[in-house]
Amino acid sequence: MRAHPQWAQRYAALKLELAERYACDRHAYTRAKQPFTWEVLAA
Amino acid sequence: VPQAVRVVAYDQRWPTLFTAQASSLRERLGDVALRIDHIGSTAVPGLAAKPIIDVQISVAAFEPLDAFRAPLVGLGYVFRADNTSGPSGTSASLAAPAAHTSTSAARGASASNSPCYSATSCAPTRNGRSATPR
């Protein structure tokens with residue numbers, strides 16, 4: 001992520017969106033981030 | 001109690017907060033800590049994140065637990081049981097005073113910990129262990 005700012009940008013946008021959607025459910029927030037995380041790891 | 005999710009804009013102070021925390025950790029842990037690394041979103045410059053400084057401490061062996069648990073508890077960290085992010089038996093989790101911290105040890109080879117500087121964070125104080133993927 002440090003080496004690929006474009007991923008970081010997308011990740012930030014996703015996190016802000018999910019934080020709003022799951023504002024009171026940290027576990028749901030974390031789960032919802034995972035597909036992106038795996039996508040990055042697989043890239 | 002549900003835990004609120006608060007993602008904030010990148011804060012230039014995060015690396016400094018890590019460095020300060022790492023100094024305290026190094027002082028307490030000495031040679032027990034093979035490495036002390038800033039991990040997670042707050043370690044990525046420019047990335048919006050929950051204001052939690054994740055710190056990973058690498059150790060040579062996961063037992064005896066108190067080799068690193070005791071010094072961390074001495075710093076105000078609380079051992080917790082709800083870190084279920086990985087296979088059990090590969091890491092331990094600790095929560096910090098001002099907020100929370102998790103310490104985990106990779107299979108006999110590393111431990112990690114994460115101080116949280118968020119004023120709004122909720123720190124569970126149960127015990128347990130699990131793994132934190134790098």
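**A walk along the A–B interface**

Start where the two chains meet: four residue pairs, both at pLDDT 80 or more, are in polar contact across the interface of chain A and chain B (a pair of N or O atoms within 3.5 Å, where one must be able to donate a hydrogen and the other to accept it, and residues adjacent in sequence count only if both atoms are side-chain atoms). This is a predicted model, where local features need pLDDT of at least 70, side-chain atom pairs count only at pLDDT 80 or more, and totals for chains, interfaces and linings use all residues. Residues are numbered from 1 along each chain as its sequence is written, chains are lettered from A in the order in which they are written, and side-chain values use heavy atoms, with hydrogens and water left out.

Next, select helix 1 (5-21) and helix 2 (26-42) of chain A, DSSP runs of H or I with at least four residues. Each gives at least two residues to the side that touches chain B, and helix 1 gives the most, with six. Colour that side by type and you get ten nonpolar, no polar and five charged residues.

Now show the whole interface: 15 residues of chain A are in contact (heavy atoms within 4.5 Å) with 16 residues of chain B. Together the chains bury about 1300 Å², meaning accessible area (1.4 Å probe) lost on being put together, summed over both.

Finally, move over to chain B. Here you can trace two helices and six strands (strands are DSSP runs of E, at least two residues), in the order α-β-β-α-β-β-β-β along the sequence.

Key:
Buried area = accessible area lost by both parts, 1.4 Å probe. Nonpolar A, V, L, I, M, F, W, Y, C, P; charged D, E, K, R; others polar.
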